[in-house]
Amino acid sequence: MNYPVVLFSLFGALLISIDTVQSLSSFDRVFSFGDSMADTGNACRSMGAQNCPAMKAPYGETYFHQPNGRWSDGRVVADFIAQAYGLAPMPPSMGGNTPEYFQNGASFAVAAARALNNSAYKTVTGMDPPDQNDFSLGTQFRSFKDLLPTISQGSSVDCVMSSSLFIVGEIGGVEYLFGFSKNKSVAEMKSWVPYIVAAISSAVNDLINLGATTLIVPGNYAVGCAPGYMTIFQSDNPADYDILTGCLKRLNKFTVYHNTMLMKELVKLRLLHPLANIIYADYYGAQSQLYLNKLDFPAPLYACCGGPGPYNSSLQCGVQGSQTCPNPENYISWDGGHLTEAANNAIANGILYGPFAFPPL
């Protein structure tokens, strides 16, 4: 599938900028899995609040008015999807162990999580894992499965699974970005894609076998537009940048390749599970539109929180010397690697109400 960057229609522009998410048909719970883009506090609980940047100001300032472990100034995409179904923003799975705690669902996502477990990562990439913690997608699924008896107390596993929405990803970006940082060739990294897609497919298959009936499977984000990565991989060659968005073409082209392979795999899964509703969420497409919306996002390639440099992303958000913009609602990037609440809201609306879900929600 191609990802042309097209201008909004008037209706599409109005739709994508809706601030108040309308309530959709009912799910009792929403569960999500993934990396830092969907983490609502698990990484900070794992490493300790004192060691976690997302538990320090100015993280969380916009919606929660205090840091809470989200790698943003406010809510993440999964929060907005949960709220669209009348549920609260998603709690981190590591924050409780009672049926009441999970009554609206939870996020099992962990920052820096990979699709591949440590052993598979080393086998596939030939590199040692960046860290020895294994919060891979399979580990997240097993954590959910272990908690399912607790979650389903007072009901049944079948009832919980069939009445819940599952968001599986996005994930896999950590493997690719680490590969780019180690100067791995695109050809070599393309050989990793089938294994990463297979790990995502396995998690979807396992959830369906447990009784899940509705699953959203997002593709990866447009990492070539992230100020942090544009700083690391900046080029003196103007041809390396997209003429419309200013983003790095090499990184985004690779993301499109991953997303295309993922969509092909979802076609197979739909044939294998014809009674399940497996929805591809085009995070890349929904995000890409934002870089043309200069009215709402006048500085689309700059981080709101960071340091000096061409993309305001040479310092980590929150460290001494970093600065925070006064208007994060006008920025797409929060800290150079993660999105603002405003961008997450727009992407969620594009998935829920716009043209970026296949089949449509």
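The briefing below is grouped by topic. The model is predicted, so local features need pLDDT of at least 70, side-chain atom pairs count only at pLDDT 80 or more, and totals for chains, interfaces and linings use all residues. Residues are numbered from 1 along each chain as its sequence is written, and side-chain values use heavy atoms, with hydrogens and water left out.

**Salt bridges**

- Four salt bridges are found in a search of the whole structure; the term denotes a side-chain nitrogen of Lys or Arg within 4 Å of a carboxyl oxygen of Asp or Glu.
- Arg-70 and Asp-79 form one of them, at 2.7 Å from N to O.
- Arg-70 is buried at 5% relative accessibility, and Asp-79 is buried at 0%; buried means under 20% relative accessible area, exposed over 50%, and partly exposed in between (1.4 Å probe, protein chains only).
- Another salt bridge joins Glu-341 and Arg-75 at 2.9 Å, N to O.
- This pair links distant parts of the chain, 266 residues apart, with Glu-341 in helix H13 and Arg-75 in the loop between helix H2 (42–47) and H3; helices (H or I, at least four residues) and strands (E, at least two) are DSSP runs numbered from the N terminus.
- Glu-341 and Arg-75 are both buried.
- Glu-188 and Lys-184 also form a salt bridge, with their closest N and O atoms 3.7 Å apart.
- Glu-188 is partly exposed at 30% relative accessibility, as is Lys-184 at 21%.

- Glu-175 lies in helix H7 (residues 173–181).
- Glu-175 is buried yet has no salt bridge, and the nearest side chain of opposite charge, Arg-114, is 5.1 Å away; for charge, Lys and Arg count as positive and Asp and Glu as negative, while His and the chain ends are not counted.
- The side chain of Glu-175 reaches the backbone nitrogen of Ala-115 at 2.8 Å.
- Beyond its neighbours within four places in sequence, Glu-175 is in contact (heavy atoms within 4.5 Å) with residues including Arg-114, Tyr-121 and Trp-192.
- Thr-260, in helix H11 (residues 249–272), is buried with a relative accessible area of 14%.
- The side chain of Thr-260 reaches the backbone oxygen of Val-256 at 2.8 Å.

- Ile-278 belongs to strand E5 (residues 277–281) and is buried, with a relative accessible area of 1%.
- Leaving aside neighbours within four places in sequence, the contacts of Ile-278 include Ile-208, Leu-266, Phe-358 and Pro-359.
- In helix H12 (residues 283–290), eight of eight residues are buried.
- The buried residues of H12 pack against helix H3 (77–84), strand E3 (164–168), strand E4 (214–218), H11, E5 and helix H13 (341–352).

**Pocket and cavities**

- On a 1 Å grid over the protein atoms alone, a cavity is a set of points where a 1.4 Å probe fits but cannot get out, and a pocket is an open set with protein on both sides within 12 Å along at least five of seven lines; lining residues have an atom within 4 Å of a point.
- The largest pocket has a volume of about 1000 Å³, a volume being the space filled by probe spheres set on grid points joined across faces, edges and corners.
- Of the 47 residues that line the largest pocket, the closest to its centre are Ser-36, Leu-177, Tyr-229, Gly-337 and His-338.
- H7 gives the largest share of this lining, seven residues.
- There are two cavities of 30 Å³ or more, and the largest cavity has a volume of about 60 Å³.
- Among the residues lining the largest cavity are Met-37, Val-77, Glu-170 and Tyr-283.

Conventions. Polar contact = N/O pair within 3.5 Å; in protein donor to acceptor, adjacent residues only side chain to side chain.
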